[in-house]
Amino acid sequence: MNKELEHKFVTELENNQNIVHKICTLYTNDRHAHKDLFQEITIQLWKAYPKFRGDSKFSTWMYRVALNTAITLYRKSKKRVKTQDYDSVIYKIKADDYDETEEQQLKLLYNAVKQLGDIDKALIFLYLEDKDYTEIAETLGITEVNARVKMNRIKNKLRTILNP
Amino acid sequence: MDELELLKKDWQKKEEHLPRLSFDEIYKMIWKKSSSIVKWIFYISIIEFVLWATLNLISYNQESFQLEKAWHIYEISTVLNVIYYFVLIYFIYKFYQNYKQITVTDSSSKLMKSILKVKRTVTQYVWFNIGIFTISFLLLLYGSLKYGEESEKILSAAAKSGNETLFWVMFAVICLVIIGLILILIWLFYRLIYGILLKRLRENYRELKKLEV
């Protein structure tokens with residue numbers, strides 16, 4: 001691998017790293033695991049990079065590799081001890097910007113999302129990232145209709161968690 | 001307001017609170033070693049191939065060669081051996097083909113399917129080995145009973161026991177129990193390795209498959 005390719009790849013990833021961080025936040029529980037997953041995703045992206053033709057956007061290509069790493073290739077997420085909750089850390093910082101009820105509701109929502117299974121999380125993630133159902137379906141390898149049905153089920157599940 | 005819309009709005013705002021890695025930090029990461037499940041399966045598979053082939057090889061030495069000659073099972077044993085190496089080559093080829101098909105840029109469902117396919121090839125290879133060992137075991141048993149030094153003792157013991165049929169039935173049962181126990185042990189061992197490694201993948205794959213119905 002030549003220097004130019006390395007440089008190009010790292011720059012692209014540096015610019016788009018938020019996508020990977022968001023996935024890590026969803027799929028891990030502490031900083032250490034977060035970094036570990038980020039590293040594995042980076043390795044997988046780098047290994048696949050020579051085959052990236054540039055006919056789609058770097059970020060679009062990244063979603064797929066990163067999600068696949070998180071739900072399929074990454075092995076260690078359950079082993080990590082839950083030392084501190086990532087979201088609660090973020091919420092401590094952000095608490096002032098929110099009014100009480102909305103903040104409460106969001107906190108509940110994030111907790112609920114974290115309790116979902118790997119596949120449900122992937123669907124929610126792509127939805128929150130504003131991907132359409134065609135792309136969600138293609139990424140996961142299911143039909144568009146089924147992606148919609150599944151998404152509705154997840155919405156209902158979240159609703160029952162919020163309003164028991 | 002729709003709960004998810006609320007979440008989506010907040011999700012987009014969240015960016016500024018995410019950690020940020022520098023160019024150098026990311027650059028260092030690309031040279032780190034992967035610890036992905038695919039890598040684990042690859043190493044375990046290589047160990048399987050080497051282990052079983054070695055077991056097969058060391059069971060053929062000068063001594064066993066002489067014994068097979070004496071027991072008149074040499075020819076059939078050689079045929080079995082030739083078959084073994086042809087099938088071994090086939091399995092290595094198939095493993096390599098399946099392994100190459102694992103692509104991280106595929107859809108999640110397809111990626112999981114390819115990983116499970118590689119694992120299935122290795123499982124088939126293990127069962128094939130167990131089959132060969134069972135046949136060899138039975139062959140040796142047959143040879144030793146018919147031509148072995150101890151055979152006369154066993155045969156006369158059978159005659160002396162009064163009920164010859166019962167003796168042979170007991171004999172067969174004992175053999176089957178031994179083979180059965182070995183198989184169960186091997187099966188448990190594999191359940192353990194692959195169970196730990198592939199549990200989550202299988203669950204996720206099942207979940208995606210369920211959606212296709």
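**View 1. Two domains of chain A in the predicted model.** Chain A divides into domain 1, residues 1–84, and domain 2, residues 116–164. Their centres, taken over C-alpha atoms, are separated by 21 Å.

**View 2. Contact between domain 1 and domain 2 of chain A.** Seven residues of domain 1 are in contact with six residues of domain 2. On the domain 1 side, helix 2 (17–27) and helix 4 of chain A are the elements that give two or more residues. Helix 4 of chain A provides the largest share, four residues. By class, this side of domain 1 has six nonpolar residues, no polar ones and one charged.

**View 3. Contact between chain A and chain B.** Here 45 residues of chain A are in contact with 38 residues of chain B. Helix 4 (residues 58–73) of chain A gives eight residues, the largest share of the chain A side. That side is made up of 20 nonpolar, 14 polar and eleven charged residues.

**View 4. Helix 1 (residues 3–15) of chain A.** The helix has 13 residues, which should span 18 Å at 1.5 Å a residue. Its end C-alpha atoms are 18 Å apart, so the two values agree. Phe9(A), Val10(A) and Leu13(A) are the buried residues of this helix.

**View 5. Packing partners of helix 1 of chain A.** The buried residues of helix 1 pack against helix 2 and helix 3 (31–48) of chain A. They also pack against helix 2 (23–29) of chain B.

Notes
Residues numbered from 1 in each chain as written. Chains lettered and ligands numbered in written order. Predicted model: local features only at pLDDT ≥ 70, side-chain atom pairs only at ≥ 80, totals over all residues. Contact = placed C-beta atoms within 7 Å. Nonpolar A, V, L, I, M, F, W, Y, C, P; charged D, E, K, R; others polar. Domains from an automatic or database assignment. Expected span 1.5 Å × (residues − 1). Buried ≥ 20, exposed ≤ 12 C-beta atoms within 10 Å, placed from the backbone.
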